[in-house]
Number of protein chains: 2
Amino acid sequence: MADFVLGIDIGGTNTKFGLVDKKGKVSEEGSFPTHAKEKIEIFLAELKKATLPILENKSIVGVGVGAPNVNHFDGTIQQAANITWGDNVPLKKLIHDLFDLPVVLTNDANAAALGEMKYGGAQGMKDFVVFTLGTGLGSGFVVNGEIVHGHSGLAGEIGHVSVNPDGRYCGCGRRGCLETYVSATGIKKTVFKMMADYTRPSVLRDVSYNDMTAEMITKAARDHDYIAIKAFEYTGQIFGQKLADTVVHTSPEAIFLFGGLVNAGDYLLDPANYYMEKFMFKPFKKSVKLIPSSLMEKNAAVLGAAALGWEEFDIK
Amino acid sequence: MADFVLGIDIGGTNTKFGLVDKKGKVSEEGSFPTHAKEKIEIFLAELKKATLPILENKSIVGVGVGAPNVNHFDGTIQQAANITWGDNVPLKKLIHDLFDLPVVLTNDANAAALGEMKYGGAQGMKDFVVFTLGTGLGSGFVVNGEIVHGHSGLAGEIGHVSVNPDGRYCGCGRRGCLETYVSATGIKKTVFKMMADYTRPSVLRDVSYNDMTAEMITKAARDHDYIAIKAFEYTGQIFGQKLADTVVHTSPEAIFLFGGLVNAGDYLLDPANYYMEKFMFKPFKKSVKLIPSSLMEKNAAVLGAAALGWEEFDIK
């Protein structure tokens, strides 16, 4: 009987999972809403319910989990901006108690970076960064061929570099963090700014804030909607400027973009690339590739969390 | 007869050198003006003249050099902001030709980081950053116990993150780079801004721009000069805000500050610490020590460049 790791990617909006074999083949995929603003017990009950049918009669060697703001060293979620289960959630222990299986927990963006390195476009690269553009903005750094956890175990929280200290309020309690501009939530906020600033008609003017999704904005941009295109330009400009700052830190060979917002393709990538190069310190110009993850269809974070599981549990 | 490495630290204003034995003991130190805005031949002639007397009758195993904007991989200086010897200076080859000895060349801040790790306050640390605050602002990153060179070989150029895209003109051709605010040159510029903004008397009002030094500003601050103290506060605020952004990249255990400006002690450190903590993403608060280099009196960059030399040449 084949062995599997259960890979889980907990996002601010949805949680995805799948069974991953040793070669990185994903089967029995699924997803459910994270209920990030309710009690963690609801999440745990949903997780159990959703995964139970696929675990039956399978040989599961363990569970690999990616989640935002994970402290790699102690297996807790610490003060996540978009998940309000508490300041210090012992997620590794809770998931262990749920399944009675070995659990490894890491930052969702670090998991995506590991997936990209093992099975995706970063194979053979020693220095790269993965950005996950979902409800928030996550990032995972690889330096000298290794995931960067840093001294705190929390390295790579680029979603919380400052764009403008007087800017938008962030879930983290501060103002003007990058993820309030560059994420699915950020571009939605920007659409509302653009609808205020400009007079042009837009299909987006018929949608409430709570109903609007990044997919709608992407679709509107593809249909040449002025407001949607302006929102992508604004998002790409801020992203590009901040990427130029990130590049002078660790000088990556490539920056991989992952998450729903990346489906907008060139509407996001063109301005991001333009402003990254425009603001880049001269010796680094044209040194970095800004590209979509090659695992967009597969979920790099589920794969990466499972890959970490295979590393930790496969002691035969 | 004892063996030595000739360690050289090339700064935007002065070049320092010393003979360093295998245990990190420095002897026969000296310095001379870098002549960074003149032809490189002048620098090379001065270097030869200054070091010739100390090299006579000594067993020298090689030369270790730290300089700004060095590409670690090919031994060139690339488009340095404060040294205008050319866009692509083959410094390693030129110094090899000068001494006919093996040469190793690295970024001055990386050299300082190596010095701090081998002989200074970073002994035993796996993740830390060294900032060199001289004519410009250099930085060297250590992640997972290794110096970060990045894909380009130029990683760690934090002097060129953007404080304000409409801000002060930088030697690199852009505007508002961190080093135009936080460096010996930067604080001098800030003193001139403060003399314009405020009406208070100051000893600094008797000194021309070209005559003013960071030492004068430090001395004035110690004598309770309002303009000088305001200049340190302004410098420390910008530095602290940007340090908070740097910390979320690689999550260092400590940030070591090195260079003349650090002699101002708490005038710089207090506001830098205050604003770093104020702007820090919550999970990282109080996770980082901001401290002066423990090699301030010794020159971490000369030591570090020599240490790199010892690693490379000592093949017996």
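**Helix packing in a two-chain predicted model**

Me: Which hand is the crossing of α6(A) and α6(B), left or right?
Reply: α6(A) and α6(B) cross right-handed (near helix turned clockwise from the far one by less than a right angle; anticlockwise is left-handed). Helices here are DSSP runs of H or I, at least four residues, numbered from the N terminus. Residues count from 1 along each chain as written, chains are lettered from A and ligands numbered from 1 in written order, and side-chain values use heavy atoms, without hydrogens or water.

Me: At what angle do those two helices pack?
Reply: About 65°, with the axes of α6(A) and α6(B) 11 Å apart (lines fitted to C-alpha atoms over the stretch in contact; angles from 0 to 180 degrees between N-to-C directions). Each of the two spans residues 226-250 of its chain. They are therefore roughly perpendicular (65 to 115 degrees; under 35 is roughly parallel, over 145 roughly antiparallel, the rest oblique).

Me: And which residues make the contact?
Reply: On α6(A), K242(A), T246(A), H249(A) and T250(A); on α6(B), K242(B), T246(B), H249(B) and T250(B). Contact is heavy atoms within 4.5 Å. By class, the contact of α6(A) with α6(B) has six polar residues, two charged and no nonpolar ones.

Me: Switching topic, how are the two chains related?
Reply: Chain A superposes on chain B by a 180° rotation with 0.0 Å of shift along its axis, RMSD 0.0 Å (least squares on C-alpha atoms with pLDDT of at least 70 in both). The copies are thus related as by a two-fold rotation axis. They meet through the same surface, because 100% of the interface residues of chain A are also interface residues in chain B.

Me: What ipTM does the predictor give the complex?
Reply: An ipTM of 0.90, and a pTM of 0.90 too.

Me: Back to helices. How does α6(A) pack on α7(A)?
Reply: α7(A), residues 266-279, lies at about 35° to α6(A), and their axes are 7 Å apart. This crossing is right-handed. F232(A), F239(A) and L243(A) are among the α6(A) residues that take part, and the α7(A) side includes Y267(A), Y275(A) and F279(A). The contact of α6(A) with α7(A) divides into 12 nonpolar, five polar and one charged residue.

Me: In chain B, what about α4(B) and α6(B)?
Reply: α4(B), residues 184-197, packs at about 125° to α6(B), axes 9 Å apart. That makes α4(B) oblique to α6(B). The α4(B)–α6(B) crossing is right-handed. Contact residues include I187(B), V191(B) and M194(B) from α4(B), and I227(B), F232(B) and Y234(B) from α6(B).

Notes: Predicted model: local features only at pLDDT ≥ 70, side-chain atom pairs only at ≥ 80, totals over all residues. Nonpolar A, V, L, I, M, F, W, Y, C, P; charged D, E, K, R; others polar.
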